[in-house]
Amino acid sequence: MGKGLSGGEVIRLRGMMVIMVGVTVTLIRCGVLVEGNVFSKQKILEVERKLNQLSRPAVKTIQSEDGDIIDCIDIYKQPAFDHPALRNHTIQMAPTYDLTKETKTMTKMDRLKKWSEQSSVTVKQTWKKSGSCPQGTIPVRRIRKKDLLRASSVKDYGRKKHSTLSRHVAESSDNKSVYLLRANHSKAILLTEGYSYTGAKGDIKVCAPSVELDDEYTTSQVCLINGPSFSFESVESGWAVNPSVYGDRNTRFFIYWTADGSKKTGCFDLTCPGFVQTSHEIALGAAIYPISVPDGLPYEIIVYIFKDPVTSNWWVQYGERINIGYWPPELFFALSYHATGVEWGGEVYSSRVGTTPHTKTDMGNGRFASTAGFSGVITRMRIHDNSPALKIPEWAETYMDEFNCYDAIYVEDYVEDPEFYYGGPGRNYKCP
């Protein structure tokens, strides 16, 4: 018999653990008590195994003020090379694509935007207040034991939850059928398709949406996609609030990939092997600031994903300046050639999407689409469709899974540069 938590006593009896606190007696099957929670020995072993796979010796370690720990890892020892297809991979340190080609088709709005960016506050990462990583290393946000213990599946940690094919949900506020393209996922996006795409770009307003439950998330991103909805391939980047992966509700810069609709492949950031990072300036999954607030400045991140015409690597560029790294073509089948669609916009994951009561998790900043700028917004949307120059898509349309919960507006008439507004609060009087 030994002392337990809160002055109680712990008694082990026939494979059981009895915690006695006052007059309350709780029986818990034999397991391991960690920070007030009991986990099976099997899960503890799985977590230790995963941590060993992810851990790398750090050249330098930085403690961020937001609680993150950033390890500066030797670029040649990064997690990417644990992927079987990348064991003998040679790092491409910089893209061969000539980004200056965009200047040939820059509009007056582009030039004005570029001028305003030089005189405005840019979005930064919180950890960089506390230090920086040296050349020859990459900053990796450390995954801790508590992050993995919190996950419903250690094996699938960092991967979006795979959803079944489309379904109909009969209940809605206007007695109409709600159509979800993927179960448990609700999107409000701008979509363009019909060509072979090798790049996409967008300026995404940074927000701090509310996420109701820990196993839900909300993202705003640029995404290139190929394949059927039940087993698609995609690469995407933007910002996310995702407690199940990051352990908090901070707005964070993210990347994501999958080669099979998130069944068995893909993940956020560097939580699995695949993405090859080359930049020592950006930590994937790290918190970003400042955040846009109502009636304040619309702070944005500029995300650009493009396929290198020589190596076929899918590069991610941040802020029109930093080439973060790339997904090698060996990770994919269809995407090793091109994408067949581009999406800009928001996504909410919840088991209470398409049901009553609906989740209260926000999309964008939690406000319905507004051309006055009060909602989430993406501007300067550009594509490569087998052309070296970035251009405005010739055709695009909005798509919403639940227009009463999250909606979208595309403004393209009588403006020099189209704008896409999106978002919503989830549960409301039209979406009970």
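This is a predicted model: local features need pLDDT of at least 70, side-chain atom pairs count only at pLDDT 80 or more; totals for chains, interfaces and linings use all residues.

Colleague: How many disulfides does the count come to?

Modeller: The test is a pair of cysteine sulfur atoms within 2.5 Å. Cys 72 and Cys 133 pass, with S to S 2.0 Å. Cys 267 and Cys 272 pass with S to S 2.1 Å, and Cys 405 and Cys 431 pass with sulfur atoms 2.0 Å apart. The count is three.

Colleague: Which pattern do the disulfides of the chain follow?

Modeller: Number the bonded cysteines along the chain. Cys 72 pairs with Cys 133, Cys 267 with Cys 272, and Cys 405 with Cys 431. The pattern is 1-2, 3-4, 5-6.

Colleague: How many residues apart in sequence are the parts that Cys 72 and Cys 133 tie together?

Modeller: A disulfide joins Cys 72 to Cys 133. Cys 72 sits in strand β8 (residues 69–74), and Cys 133 in the loop between β9 (124–125) and β10 (137–141), so the tied parts are separated in sequence by 61 residues.

Colleague: Are Cys 72 and Cys 133 buried or exposed?

Modeller: Buried means under 20% relative accessible area. Cys 72 has 0%. Cys 133 has 3%, so it too counts as buried.

Colleague: What about Cys 207 and Cys 223: buried or exposed?

Modeller: Apply the cut-off of under 20% again. Cys 207 has a relative accessible area of 1%. Cys 223 is at 4%, so this residue also counts as buried.

Colleague: Now Thr 218. Is it buried or exposed?

Modeller: Thr 218 belongs to strand β15 (residues 217–226). Residues that touch it include Trp 239, Val 241, Val 348 and Met 363. Its relative accessibility is 0%, so Thr 218 counts as buried.

Colleague: Which residue's backbone oxygen does the side chain of Thr 218 reach?

Modeller: A polar contact needs N or O atoms within 3.5 Å. Thr 361, Asp 362 and Gly 364 are among the residues touching Thr 218. The side chain of Thr 218 comes to 2.9 Å from a backbone oxygen, that of Asp 362.

Methods
Residues are numbered from 1 along each chain as its sequence is written. Side-chain values use heavy atoms; hydrogens and water are left out. Helices (H or I, at least four residues) and strands (E, at least two) are DSSP runs, numbered from the N terminus. Buried means under 20% relative accessible area, exposed over 50%, partly exposed in between (1.4 Å probe, protein chains only). A polar contact is a pair of N or O atoms within 3.5 Å; within protein, one must be able to donate a hydrogen and the other to accept it, and residues adjacent in sequence count only if both atoms are side-chain atoms. Contact means heavy atoms within 4.5 Å. Lists of a residue's contacts leave out its neighbours within four places in sequence.
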